[in-house]
Amino acid sequence: MESVKMADYVIQYQIENGEWQEFPLAVGNIVIGRGVDCDLILDHVRVSRQHAYLQWDGTQAYLIDIGSSNGTFVDSQELVPNVPFKLSAGQSVTIGACTLMLKFPLQEVKPVDMPQAVRVDASSPKAVIAGGDQSHGVNDRFQLRYRLQGGAWNTFVLLPGDITIGRDEDNDLCLDDHEVSRLHGTITVDAGTLWITDLDSTNGIELDGLPLKPREKYQFDAGQKITIGNHELCVEVLSEIGAAVSGTMIMPGDAVWIDGVDTSETIIDTDMSIVPTQVRTMDLASHARVTIGRARDNHVVLEHPLVSRYHAVFEKVGKRYRIKDLRSTNGVYVNKDIVENEKFLEDYDQICIGPFVFEIAGNKLQGRIETGLKITAKNINQRVSDTLNLLKNINLIIEPNEFVALVGMSGSGKTTFLNAISGYWPASHGQVLINGVELYNHYDLFRNDIGYVPQKDIVHAELTPKIALDYVAQLRMPSDIGKSERHAAVQEVLKELDLIERQDVPISNLSGGQLKRVSIGVELLTKPRLFFLDEPTSGLDPGTEYDMMKLMRNLADQGRTVILITHATKNVMLCDKVIFLARGGNLAFYGAPEDALAYFDEHRTDRERREKKMEFDDIYRILDDDSRGAPNEWRERYLHSSVYAKIMGKDSPQAKNRPVTAQQAEKLHKAKRKLSSLRQFLILSARNLKIMMQDKVSLTMMLALAPILGMMDFIWGKDLFDPVTGDVELVMSQWYMLSIVALLAGSLCSVREIVKETDIYKRERAVNLRILPYLLSKVWVGVVLAIYQAAVLMAFRIFFVRPTIPSIQDYIALFITLLLGSLSGYLIGLMVSAIAPNQNSSMILLIIILVPQFLFAGALLPIDVMPGGRQISTIMSSRWIWEGLVKSTHMGDKLMIDPCMAFQEDRQRLPDAIKQDCICMGESIFTDCADFPGVLSPDFYDDIAKEKLAIPEPEEPPQPTAYAYPTALPSLTPIFTPTPLPSLTPFPTPVDPREMGVYMENQRNQGQEQQDAFMEQFENYRLESKDQGQVYADLMAGQSDDYANLRQEQADEYTNAMQEYGDERADWVKNREKAINSAETLLGSVYDDYGYVFDKTIARRWLATCAIMLGYFIIMFIAQKRKDVV
């Protein structure tokens, strides 16, 4: 296919009445002025040294007066300084006594007039028909309007690239028309140029009534009529370079008849960036309801990323008007106050929607665009204590669209002052006015008009520029902006920052300058009119540093007020003004860069002037030299200088040095953020996932953490829960270790999650970010991660340890407990990350937080042993997780229902009668509690103990029956009593006394003989009786001895039996008592040490853990809230 060729572009210029000359255009900024360093030199006294810029992108030119002394005129109309003006071919430009004219070539396909939107051009107060002599910029965005045979108009946003048109639904634009081919043609948007091609369609394509040759590519302009079958199509310009900041306003215009169409009901597109002071007026008398928004079917169309598709509506109620906010993203303001729902209006009320300002005057609605914002700082002080003031009564005025550099020595208060005038850290005393409106009282009004780029980058290094900007666009732009419209805005910013070729490269791989451009792009998406940058050139090489300053210059030239802190003094001349701060926050100078050189040159010695020309670097040395003046002396010198009088003039701030009130601070921090929390949550969640997926190394390590820690379970062995070889202390220890592992696995994955993006968070929070969706977008990732970690840790624990888990429900309980443990750890990490001031300190702080978790869990030492242990452990999630893990096994349930366990001190001395009712005391331990780990340990429950426990107690031998006493011997037959001796024959009694002696002797002898005979007889009787008795006694003794021997034998047998019984019973008792006492001691000590662990339900542990996690979340919320700057 052949393309239409374009000729070269030139500027024709004439100095006074001299000859016409030509200057070839090159893409970029062309400096016009009297100075020898200008690109186009106009040597005339009425031309300023640097008079104007001409921006040329290859297809469109924009002229900018840069504050010249005598002004710049286009067709006799003076340009507003520092506001881009779209220059068309043939328009006459007057600079001093010089005349310039832009020469454009003609295109091959020439447009013809058709009914179109009327565009009010700056060159003429009359409406002219948009036609083919109009050119477009590389960053223009287009919209295709189409309809079928006079029907309602539809719209289609044209993105860069090819857009296919046809009847088939697979086309980008489907036209349901039998006259249209399945694939009819294409419209191409390429660097701001429009092309159309007929792809061999059946009925062809007409451009302004002229048929196009098939397969040939034709260039055309917005506004030309395209006919495809029964459809009319027309391309409109949505935004242009000059409108990049201020936007476009479309309002119903005056009645104009074109081709029989009453255009009083059509839209009139007014590019307010070209004529910033132009006011559009709409008659409300004939409209009971006027809608305002970005969509093209509104009565008033406001093309700006801060405007929702259907933003607000004016309604006539009787003789009054009211405005209703249609739940817009960025709100509606009346007289600087936000409209909560609706508000009745009075005459001359000022309504602000984004950069657009409306006023009601009777039945007239007047609309305009504020293209520039003026900053007035009045008596700015920043007192942080009674003795320390970081800023000393600073007064200055920054005009709209100025590029101002803020320089000074380290510690001079540059960042403090920048934060004060941007509202990022409000001044303690003084005022900051934006276009006369107090910033601190109405910060929400300017929130989206302020772009702030801190010194640290505010993008995620894991993302690409395109993806990073897309997520920012989703967060900051209205929710009703479509994907194609959002992507077009991102592409526009990438083009403006020269990042198109690097848009798909990870930010971590970009150069320092490119990285800083991406951070700037984050703020450019919403087209702010105030732009603050903190050392964007820091760490850049000289070439990149110059490019960055050049970029800032271009941003200011496009209609922004740019203030940046920089040490790039070599390029300060690109700025309109420069602020020099001396030590202690004293304003040493504010004025034009060239005036700064002259001002400080007066304070050099003659020798210094002869040695070298004055440079900006010399100013640092002069201000640092106390012999030339103290910081407060420099401030006083400047306040009494002619430069100060020239800069401030009549606008010199005279406000009282009053402190910012609590009500002002509350207003400043109470932002109206209308983007729904749910939408922010979804966007942030998607971004978090994208970051995780992009950082594959960190993702791999995070996912590998749980398996690596889980593999360590092999150290416990598989018989830990066995009743014979198990060890209850090790069981408790391994559950404790698992709880600690879960906490570690969770916390290590999140300890840097918030602190690593603190600067990003602060900036997004200052714009519209809510804390709750931000935190929840982190937490839900932790929930998913906790599910994964719990499953992995549980799988490894089951595989290596094989814990005794009674049922499926208990396995589920174990999983839930592990999940809560991992999630609790994750929240601990997030809490630490929210509290920690930087990434390095986050790990130290995590250790400080985790050590008490380890100590007060109750496993290393019973909580009642530690002073205050029970109270402190209540707030330790590790305790509840450990107890939950133990509880999931139900290993202590039987102990808790055993009544004997309550007798802590006298437990083992309980009588057997009581123990019989206890399942974990006495012999029943080995039957009813036989599943307890280690309770059947061979150390006390050996084979002998098993045998003794299996047999009954040995029976005591019976008492032996006594032998019957022997039968008595028969009584002895008595020996017959001896026959008595015959009586003695008495001697005759003598008569003679003398014979009496003989008689007496005879009598005595006879008696003696009688007695002896009797005694002999009696002795014989006695001896016979004795012998008989002895024989009887002997018989009796023998019988008794026999009986005694029998009894002795019986006693000996009984004694031996009792001895054997005693030994047997002692052995039986010994082995039984050893087993029972050891088991009772084991279970008793477990109950005494861990009874509170076995008590209550596992759900109570879950509830306690959730309560603690809620506490972590509240601390996180408070920590994030404390980071609020505005």
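Trainee: Why is the pair lysine 894 and aspartate 931 called a salt bridge?

Mentor: In this predicted model, the closest N and O atoms of lysine 894 and aspartate 931 are 3.6 Å apart. The cut-off is a Lys or Arg side-chain nitrogen within 4 Å of an Asp or Glu carboxyl oxygen, so the pair qualifies.

Trainee: How do you know whether lysine 894 is buried, partly exposed or exposed?

Mentor: Its relative accessibility is 31%. Buried means under 20% and exposed means over 50%, so lysine 894 counts as partly exposed. Aspartate 931, with a relative accessible area of 46%, is partly exposed by that reasoning too.

Trainee: Now to another pair. What makes glutamate 342 and arginine 322 a salt bridge?

Mentor: The closest N and O atoms of glutamate 342 and arginine 322 are 3.4 Å apart, and the limit is 4 Å. Glutamate 342 lies in strand E36 (residues 342–345) and arginine 322 in strand E33 (residues 320–325), so this pair ties together parts that are 20 residues apart in sequence.

Trainee: And why is glutamate 342 called partly exposed?

Mentor: Because its relative accessibility of 34% falls between the 20% and 50% cut-offs.

Trainee: Which parts of the chain do glutamate 1080 and lysine 915 tie together?

Mentor: Their side chains meet in a salt bridge at 3.4 Å, N to O. Glutamate 1080 lies in helix H27 (residues 995–1094) and lysine 915 in helix H24 (residues 912–915), so the tied parts are 165 residues apart in sequence.

Trainee: Are glutamate 1080 and lysine 915 buried or exposed?

Mentor: Both glutamate 1080 and lysine 915 are buried, a word kept for residues under 20% relative accessible area.

Trainee: How many salt bridges does the rule give in total?

Mentor: The count comes to 52. Some are linked in a network, whose members include Lys570, Asp601, Arg604 and Asp606.

Trainee: And what share of the protein's residues is buried?

Mentor: Buried residues make up 53% of the 1126 residues in the protein. As for its secondary structure, there are 28 helices and 49 strands.

Notes: Residues numbered from 1 in each chain as written. Predicted model: local features only at pLDDT ≥ 70, side-chain atom pairs only at ≥ 80, totals over all residues. Heavy atoms only, no water. Helix = DSSP H or I, 4+ residues; strand = E, 2+ residues; numbered from the N terminus. Buried < 20%, exposed > 50% of the residue type's maximum accessible area, 1.4 Å probe, protein only.
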